[in-house]
Amino acid sequence: MKNDTLTMAIQKSGRLSEDSVKLLKQCGIRIQNGNNNLKAIANGFPMELIFLRDDDIPQYVEDGVADAGILGLNEVLEKNKDVEVIQPLGFSRCRLSVAIPRAMDYPGKEFLNGKRIATSYPVLLDKFLKENKLNAEIHPISGSVEVTPGLGLADAIFEIVSSGGTLLSNGLKETETVLKSEAVLIAGKNLSEPVNKLLQQLLFRIRSVQKAANNKYILLNAPEEQLDNIISLIPGIKSPTIMPLAEKGWYSLHSVISEDDFWGVIDKLKEAGAQGILVAPIEKMVT
Ligand code: ATP
Ligand code: ZN
């Protein structure tokens, strides 16, 4: 492990790979020689990348072979290694759920007593069963867990669900959502001071990208008598920029608005007489 480089483990190929690389790119970090090799050097940040199966990332980070890694929270909790979850990353959202054949009645969790449950998450399933004082048989399986009830190999499954399409096509229904997951940044607990500093720099970039994604740049024209009202609707980071238009009594206002407030605020701006409203994405936001 080098002190002047942050060694980052990401998934070699799978559902996390593309978005992990995209996030790094948005942070100004480009990967030089693709992910066909085990390792690559990054451009734009002192980073070395290791490409692994997501299952292996927690162990590599615990052992200090990698300083940090990107993978699903579901996998982090299943592997239960001594690593720290540093930051949720907002992609690869999914949930870990119990599903049973659609035709079965589901009176509640007690349905699972005495049943065989197929899963690729035996550790998390065991925890769920214990917490709910349920007695069921855990069948650990890797891959295609959804087909097991149809084949008579299990009575229920405990698996990742995103849209629910796979459940539907296998005649299953979701009955309990046990964990909500998304990709997270994890890091080792014993990073050297210089490496921890790099991690903090990376984190700062990630948060700037996330803030930008949650905000929009808004420009509009406002009549003079409504300026105060409109400023109170889009106060921005510090306060909006106001510039007079060539037409007397009118001003151009520039500000930032949160994605969550967007539609509610737009309606109020229109009511206040704002015209020519333009909304543009923000690439990075440093506050
Ligand atoms: P690997 O070969 O690296 O072990 P894998 O088969 O375990 O890959 P993927 O299917 O690529 O894993 O899924 C990786 C992670 O992506 C999952 O652990 C989960 O966090 C998330 N994920 C899984 N399914 C979905 C989905 N349908 N939508 C969004 N995210 C998902
Ligand atoms: Zn995996």
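**Domains and the ligand**

Tutor: The C-alpha centres of domain 1 and domain 2 lie 30 Å apart, where the domain bounds come from an automatic or database domain assignment. This is a predicted model, in which local features need pLDDT of at least 70 and side-chain atom pairs count only at pLDDT 80 or more, while totals for chains, interfaces and linings use all residues. Residues are numbered from 1 along each chain as its sequence is written, chains are lettered from A and ligands numbered from 1 in the order in which they are written, and side-chain values use heavy atoms, with hydrogens and water left out.

Student: Which residues does each domain cover?
Tutor: Domain 1 is 6–91 + 182–212, domain 2 is 94–181 and domain 3 is 215–281.

Student: And where does ligand 1 lie?
Tutor: Ligand 1 lies between domain 1 and domain 2, because both give residues to the shell around it.

Student: How many residues surround ligand 1?
Tutor: There are 15 that surround it, and the closest are Gln11, Arg15, Asp55, Asn74 and Ser162; a residue counts as near if one of its heavy atoms lies within 4 Å.

Student: What about N or O atoms in the side chain of serine 162?
Tutor: One of them is 2.7 Å from a nitrogen atom of ligand 1. Asparagine 74 has a side-chain N or O atom 2.7 Å from an oxygen atom of ligand 1, and for aspartate 54 the distance from such a side-chain atom to a ligand oxygen is 2.8 Å.

Terms used: A polar contact is a pair of N or O atoms within 3.5 Å; within protein, one must be able to donate a hydrogen and the other to accept it, and residues adjacent in sequence count only if both atoms are side-chain atoms.
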